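Colleague: I've just opened this model and I'm a bit lost. Could you pick one spot and walk me through it up close?

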Amino acid sequence: MPKNSKVVKRELDDEVIESVKDLLSNEDSADDAFKKSELIVDVQEEKDTDVGERSEVKDERPAWNSKLQYILAQVGFSVGLGNVWRFPYLCQKNGGGAYLLPYLILLLVIGIPLFFLELSVGQRIRRGSIGVWNYISPQLGGIGFASCVVCFFVALYYNVIIGWSLFYFSQSFQQPLPWDQCPLVKNASHTFVEPECEKSSATTYYWYREALNISSSISESGGLNWKMTICLLAAWVVVCLAMIKGIQSSGKIMYFSSLFPYVVLICFLIRALLLNGSVDGIRHMFTPELEIMLEPKVWREAAAQVFFALGLGFGGVIAFSSYNKRDNNCHFDAVLVSFINFFTSILATLVVFAVLGFKANVINEKCIAENSEMIIKLVKMGNISQDIIPHHINFSAITAEDYDLVYDIIQKVKEEEFPALHLNACRIEDELNKAVQGTGLAFIAFTEAMTHFPASPFWSVMFFLMLVNLGLGSMFGTIEGIITPVVDTFKVRKEILTVICCLLAFCIGLIFVQRSGNYFVTMFDDYSATLPLLIVVILENIAVSFVYGIDKFMEDLKDMLGFAPNRYYYYMWKYISPLMLLSLLIASIVNMGLSPPGYNAWMEDKASEKFLSYPTWGMVICISLMVLAILPVPVVFIIRRCNLIDDSSGNLASVTYKRGRVLKEPLNLEGDDASLIHGKISSELSSPNFGKNIYRKQSGSPTLDTAPNGRYGIGYLMADMPDMPESDL
């Protein structure tokens, strides 16, 4: 081989980037010129200074400090506020213990296989969502961009909930708690209880009036709520500081933010079990109503909960797994994290219903006391005969069982006149059947229960600190789903991008801290994520199973994991999961069409909620949120299908890896006559797709890595390509 490297370069195939080890496996031992030529040597011990003068090594791709840190990050992302306030609500609403069976079945059919799928592609290709789907199919590259858009929409309002939790956390250091009693209003003549609070409750009044200072409709802005604005700013500052160094900073915080909620939940469970009535709540929770389990709505809601509980489609799962080693057992991770998520939901449900059982018992005792006094008055007035009251009944210390007996007797004797007596049944089951979900569970029901706890400020501080940590864990994954793919694709500095992203999100998020902001939170929660995420995950499944090929993907997994995954996943990915996801998508569209679009507005004069329809501009926003979230998919497809933009720039898909490091391509190649191999400049690189022979593996070196990026890169996808003929050299 001549020493003139320009001659050598003309003989090389422009479409092939060979690894040094592969070249060495074919070299002639007598060819001194080949040995003396300058190469980019791909070995673990190589230093950055060993790279050719014209090839500048960029920052190494960071990696998790430990497997525990990675697992905690995935758990922190998947375990969020929904485990505390949505899962218990759905469990109560859909048959109690009977709901757990559909949920568990769908976790095995949809949850674990799709979670494993995202972990696998992220770990194998070692890029964020944009890079992963660009690489698998450039025409489906819009999937990654859609994930980023959805992540941004969700981050906008999710951090508002963290801001609410921070506000309640800051107000919990008071004895008594500020939402313990209704405020008093003074006028010239006398003092009286605030009418709005008296009609509702102290905790409800504090939430709507003191915390949110809510307006009566979404059209009535009312200006910024300065208290919540400060809390939102604090929430974004915390997220920005935690994410500014990527996983190097957020990974360490995960030790606290992921583990602390479990400490609080266990403490709450122990404390709640010692309270009167907690067992009634748990018994009510797990009393199965098997007939409800047969309703299609139960399965639809269980599937949706499985889907969102694991964070599928957001890109956070892919982003976190992209920092793993190539041989990490991501199958074990998928099963472990999925079941940790499930058992966390069960633990949170036990805590919620133990507390709600105690709250229901307190309310029931108050109800019995008030109605017992009313019965005594009715007896004295002669409306009820003393003879029908059993002699053993002592109204000064009446039990729930005795009250039920008296109530049933009076109801039978005074059958026609009974409604006029205005007596209440006072049954714990009636209180527990009052379904409370979302913010109402955390900021109204739980806060009311904690006012009856001994040392209530301590438990309030612990509870809202737990909510903050649960929210931050999910926010880290959501922001990572935006930052990682953008950094991988456009090669911007992570610190600058993180600050810009958080600052922009805070500015847009000001619409959520108006007096009408709670209504916008409801709007974004209902319309910005549900359908777009379903479509994203369906396209992910199709891209891997049918575009890339499920058989080839299973071989890749075998090569990566060191063992062949169970054929169960083959059938799930190819047949069952796509059908289940399409069914869920159709059911969600039908349900959205049948449900009138609107929100529950707080009416100050009635001190209760009233359902209102969105105005015309509100409907435009709802539709725009869904369209904008999914718009990148068809736009990128059309652009690349019709070649409307020259995709050879490398901006969206092209990248060169070297043992986990991104290489900056040389800007000037002509002056470097000593280099044997030169990478193309970015303008010459083509989009990575499976039709191009990007990497090839030599049969003479079966134990060596398949690409210059070694075990960490994307070259594995070309491992089964035919050997390169010697004529190519």
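Modeller: When I say contact, I mean heavy atoms within 4.5 Å. One caution: this is a predicted model, so local features need pLDDT of at least 70 and side-chain atom pairs count only at pLDDT 80 or more, while totals for chains, interfaces and linings use all residues. Residues are numbered from 1 along each chain as its sequence is written, and side-chain values use heavy atoms, leaving out hydrogens and water.

Let's go to Tyr 158, which is found in helix H9 (helices are DSSP runs of H or I, at least four residues, numbered from the N terminus). Tyr 158 has a relative accessible area of 14%, so it is buried, meaning under 20% with a 1.4 Å probe and protein chains only. What does Tyr 158 touch, leaving aside its neighbours within four places in sequence? Gly 80, Leu 81, Leu 470, Gly 471, Ser 474 and Met 475. Look at Leu 81: it is 77 residues from Tyr 158 along the chain, yet their C-alpha atoms are separated by 9.4 Å. The backbone nitrogen of Leu 81 also lies 3.2 Å from a polar atom of the Tyr 158 side chain.

Now follow H9 itself, which covers residues 142–171. It packs with H22 (residues 438–450) at an angle of about 10°, the axes being 11 Å apart. The two helices are therefore roughly parallel, a label for angles under 35 degrees. On the H9 side, Ile 161, Trp 164, Ser 165 and Tyr 168 make the contact; H22 brings Thr 439, Phe 443 and Thr 447.

Methods:
Axes are lines fitted to C-alpha atoms, for helices over the stretch in contact, and angles run from 0 to 180 degrees between N-to-C directions. Angles under 35 degrees count as roughly parallel, over 145 as roughly antiparallel, 65 to 115 as roughly perpendicular and the rest as oblique. Buried means under 20% relative accessible area, exposed over 50%, partly exposed in between (1.4 Å probe, protein chains only). A polar contact is a pair of N or O atoms within 3.5 Å; within protein, one must be able to donate a hydrogen and the other to accept it, and residues adjacent in sequence count only if both atoms are side-chain atoms.
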